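Here is a friendly walk through a chain and its helices. Have the model open as you read, and follow the residues as they come up.

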Amino acid sequence: MKVSDSSVSASSFVSPPEGIIESGPHKGKQLPPPPVFSLFSSFCSATVKFLKQESSSTMQTPPGSGAVVLSDDLKNPAMEKLDLVRKWSINTYKCTRQILSEKLGRGSKTVDLELEAQIELLRENRRKYQNVIKLAQALANQLSQIMQTQKQLGDAFADLSLKSPELHEEFGYNADTQRLLSKNGETLLAAINFFISSVDTLVDKTIEDTMINIKQYETARVEYDAYRTDLEELNLGPRDGNTMPKIEQSQQQFQIHREKFERMRNDVSVKLKFLEENKVSFWLFCCGEQHFTLFLKKYFYRELTHMILGMHQ
């Protein structure tokens, strides 16, 4: 959703802008606000009251001592703490109300359909890549066990070759075959481990970094919608000397969170585009001729075929 003007008026919300999915008002009996709102409001009020008492106690002067001017070092910590808690309480309350309104179907939600589709595709690909890693790790473990068995089988054939002169040549071929398979299996195992390491880096670092940005984008979206809804409600009310300062303050907060939301959306779009552009080259690097196919052709099937042909000559 793009807002062309820097200010928002009541007429700006007559019809839903593009990118906003409006949920209609709840029909039927009007329900009271959920208990979480009253509990949260009570908690915020108690916290602010406590901090006010704390700040006022630090500024009390002894009787008869006259006026005392506090330095910035004495009065800043309490006031800053009070201001941080106040801002956190207001922001958390608005976001909680927005999330509950969306879940109950009473509020509107900003949706970028194209970006949401790309995010869902990334989540699906991450699940598939994690499954590939799991299967490749199982393959590596099984191959390692096979290599150990092949080595032991080659030693057994070699022992039989020494102790059975009449079958010395046949047992010798089998011993050499198993030893060669075990040796070449080490090369194949190294290729599989390289593949696992590469995909693991893609999933746990590159994609995970993008997922962190997506979570930040989703948080910014909720904050943006919360302050947008708050501004809509104020614009629909009366305009007088008491409400105009609130509207102006709400307008400022709306602008701040809109800019943050658009900035996070652009960051996510850039990272998703980067992942998509490099996807083909990454998988060609991991699965192309340089690794799996090369090792399978050069070290496994070809050498095994030569040994089998040698046994029948």
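Let's begin with Asn235, which sits in helix α4. Is Asn235 buried or exposed? Its relative accessible area is 3%, so Asn235 counts as buried, the cut-off for that class being under 20%. Please keep in mind that this is a predicted model.

Asn235 can also be placed relative to Ser250. These two residues are 15 positions apart along the chain, and 9.9 Å separates their C-alpha atoms.

## The chain as a whole

The chain has 313 residues, of which 32% are buried. Its secondary structure consists of 6 helices and 2 strands. In sequence order, these elements give the pattern β-α-α-β-α-α-α-α.

## How α4 and α5 pack

Helix α4 covers residues 168–236, and helix α5 covers residues 243–287. Their axes lie 8 Å apart, and the two helices pack at an angle of about 160°. Why are α4 and α5 called roughly antiparallel? Angles over 145 degrees fall in that class, and therefore α4 and α5 are roughly antiparallel to each other.

The crossing of this pair is left-handed. Sorted by class, the residues in the contact of α4 with α5 are 23 nonpolar, 10 polar and 10 charged.

## How α3 meets α5

Helix α3, made of residues 113–163, also comes up against α5: their axes approach within 11 Å and cross at roughly 45°.

Now for the rings. Across the whole structure, a search finds 7 aromatic pairs. One of them joins Phe195 and Trp283, whose ring centres are 6.3 Å apart. Their planes meet at 50°, so this pair is classed as tilted.

Are Phe195 and Trp283 buried or exposed? Both residues are buried. They are also members of one aromatic cluster, formed by Tyr129, Phe195, Phe282 and Trp283.

Helix α4 holds another asparagine to look at, Asn193. With a relative accessible area of 40%, Asn193 is partly exposed. The C-alpha atoms of Asn193 and Ala136 are 8.3 Å apart in space, although 57 residues separate the two in sequence.

Which residues does UniProt list as "coiled-coil region"? The entry, which is unreviewed, gives residues 112–139 and 247–278 under that name.

The model can be read against both spans. Residues 112–139 are 96% helix and 0% strand, with 41 Å between the end C-alpha atoms. Residues 247–278 are 100% helix and 0% strand, and here the end C-alpha atoms lie 47 Å apart.

Technical notes
Residues numbered from 1 in each chain as written. Predicted model: local features only at pLDDT ≥ 70, side-chain atom pairs only at ≥ 80, totals over all residues. Heavy atoms only, no water. Axes fitted to C-alpha atoms, helices over the stretch in contact; angles between N-to-C directions. Helix = DSSP H or I, 4+ residues; strand = E, 2+ residues; numbered from the N terminus. Parallel < 35°, antiparallel > 145°, perpendicular 65-115°, else oblique. Left-handed = near helix turned anticlockwise from the far one by under 90°. Nonpolar A, V, L, I, M, F, W, Y, C, P; charged D, E, K, R; others polar. Buried < 20%, exposed > 50% of the residue type's maximum accessible area, 1.4 Å probe, protein only. UniProt positions renumbered as here; feature names shortened; annotations may be inferred. Phe/Tyr/Trp six-rings, centres within 6.5 Å; stacked < 30°, edge-to-face > 60°.
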